[in-house]
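Please look over the sequence and the structure shown here before reading on.

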Amino acid sequence: MKASEILKPTFWKVVSVIIVTMGLFSTYFRFSRGLGATTNLHDTVPWGLWIGFDFLGVGLAAAGFTIAATVHIFHIHKFEPLVRPAILTAFLGYSVVVCLLVVDLGRPENFWHPLVMWNIHSVMFEITWCLICYTTVLMLEFAPVVLEKFNFKAPIKILKMISIPIVIAGVLFSTLHQSSFGSLYLIVPGKLHPLWYSSLLPVHFYISCIAAGLSMIIFESFLIARSFTKEDGFYNTGLQMDVLSGAAFAVLIALIAGFLLKIYDFVENGKLIYLTIFSTETYLFDLEIILGTILPIYVLSFRKFREDKKWLYIISIFVISGLILNRLNVSITGLAASSGVNYFPSFDEISITMMLVVLALFAFRLIAKYFPLFVNEESEDPVNGRVQINHNY
Amino acid sequence: MVAIFVLILFLLIITLDLLVLKIQGKNHPAFEPSLPQFDLLMFDENNLTIPKNIFFSKGHTWLKRNTDELIDIGIDTFGTIALGTLSILKFAEVGKELKRGEMIFEGSYGNKIVKFPSPVNGIVKSVNTNIIGKIISDPYETWGVQLISKDLPGNRNIFLSGSEASNWMKKEFIKLKSFIDDHSPNIETAGTTMYDGGSLSSDMTSTLVNQSTDDFEKEFLSL
């Protein structure tokens, strides 16, 4: 692509440049002036938007392990076109999370301490190690894409040999990691609002991330089809409705499982009474369940809607919205009443978060442009020297 | 309120993107007009009815054992209507020893030529010249080529039949819709007639899949 085309201003390019510029200034202020001067976090509310976004980023990145396991462990090769985009999404999602965690640390220069100073009785220890291990696994899973580009045959061969153990390790780490975010809140039964507090919180987190992660992949497929056009030099980025419809069915199953578990939890623990109390928490909980669970279950139950691209797109937005509400409700809304303080993120918190999201999107586009992410044609197998069909998106 | 703020921001960006596309005169992939012709094909169960004793190759030809070594070969429903109406132009020569994958039929959709590969090795015994240039109304009763081949009994696992074939055929129609969406240089080229529920004419198809025949063959007519 010519430099003139890259520099040609478009609406989203201008918006992105503004967001990144503001984000860079905010990052500078955050590291030069400290958390207290640049955020609305304090001793009563030590965790805010950034932690909420960590939960969100990890939840939406769940398609990485779900799709990889479906294709490589259960051999449902129909979903193979989604593997590479899903793994890249997961990797970038986790990278955003890692960056936000470093920004969020009071002493960011000590970020390496958990590696050597083990506190095996802390849930944070499990989270940290799962985060590190799964990000490493994602790197290994995505490495063949980079190695193929530079035709490094020997490392690809080694990675192919250990691909199944890597995928299994990825599933284990992400299962632990996704659920341990829920476990983190088990230690605050008196502080987290009963609408969200549950001893089943780890299971809720795990099931909801599967539905949302797959919805994210559906949503992302539409973004790819919308933005990565032939005019920009992209090929094989069109919608594969049969694959997406299959993913939507899996979303339906996960949503139903999550909803049934929630009903059981409410009935078993006598929490139904809280639904009748008029409060901000109740309204937000209702919105979360209606938007992110009940409506999607209803629509996805009809096959004609699952095979309709318009409804798939809308429902993927609904499910993602449900996850946004759920994770931010658990991490912020549900704790607000007990803390007695109203928290709203500062400009710097918002701009740094938005900058990282924009940078992740930019990285995705750059990698998609220069690496074989959407290949769907015959090419020579770099390991065996045979002609093979790449079924990637 | 943080949750509501983030949710509104997320929905605002999506709405803004739709508005930007509208101003640019483009369609978001989710809201592009659908192609009723293909919706119809996809859900027309008659197109998915698979006769007994017929095997399907992934190159969209069907095979039926006529006598011990004689196999009737024709083009399946998908092949006959995929991109409009197929017109058979020529067959492999009588007496020729065909290898699996070599051209057995050549046809056209509008002015686009496509080649169907032979599903098995064999010698061409006879060809059905009566169907040249005609519409094939009953694909599974209309064979095009008879091959002398011993390949069918030993290789049944590479062919599809029964419900397996029916499911595969349905997936092929769904895949075709994505293919059309992907290869249409400009969705408007399909013409307003299609969006109003009309038929896909050969001319429209030619425009729609302009220079995409190779992709079509690779995607749908390879074994």
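Is the crossing of H6(A) and H16(A) left-handed or right-handed? The crossing is right-handed; a crossing is called left-handed if the near helix is turned anticlockwise from the far one by less than a right angle, and right-handed if clockwise. This is a predicted model, in which local features need pLDDT of at least 70 and side-chain atom pairs count only at pLDDT 80 or more, while totals for chains, interfaces and linings use all residues. Residues are numbered from 1 along each chain as its sequence is written, and chains are lettered from A and ligands numbered from 1 in the order in which they are written.

Helix H6 (residues 80–104) and helix H16 (residues 347–370) of chain A pack at an angle of about 150 degrees, their axes 10 Å apart. Helices (H or I, at least four residues) and strands (E, at least two) are DSSP runs, numbered from the N terminus. Axes are lines fitted to C-alpha atoms, for helices over the stretch in contact, and angles run from 0 to 180 degrees between N-to-C directions. The angle therefore makes H6(A) roughly antiparallel to H16(A), a term for angles over 145 degrees. Among the residues that meet are Leu88(A), Leu92(A) and Val96(A) in H6(A), and Leu356(A), Ala360(A) and Phe364(A) in H16(A); contact requires C-beta atoms, placed from the backbone, within 7 Å. By class, this contact has 13 nonpolar, 2 polar and no charged residues. Ala, Val, Leu, Ile, Met, Phe, Trp, Tyr, Cys and Pro count as nonpolar, Asp, Glu, Lys and Arg as charged, and the others, Gly among them, as polar.

In chain B, an open sheet of 6 strands runs in the order S1-S2-S3-S9-S8-S5, with antiparallel pairing; strands pair if DSSP finds at least two bridges between them. Strand S1 (55–56) and strand S5 (97–98) are its edges, each pairing on one side only. Within the sheet, S3(B) (residues 70–75) and S9(B) (residues 145–148) are joined over 4 bridges, and Leu70(B) stands opposite Ile148(B).

Strands S6 (residues 103–109) and S7 (residues 112–117) of chain B also pair in the antiparallel sense, over 6 bridges. Here Met103(B) stands opposite Pro117(B). Their hairpin has 2 residues between the strands, and Gly110(B) takes a positive phi near 60 degrees.

The two chains touch through 26 residues from chain A and 19 residues from chain B. On the chain A side, H4, H11, H12 and H15 each give two or more residues, and H15(A) gives the most, with 11 residues. The residues of that side divide into 16 nonpolar, 6 polar and 4 charged.

Definitions and conventions:
Angles under 35 degrees count as roughly parallel, over 145 as roughly antiparallel, 65 to 115 as roughly perpendicular and the rest as oblique.
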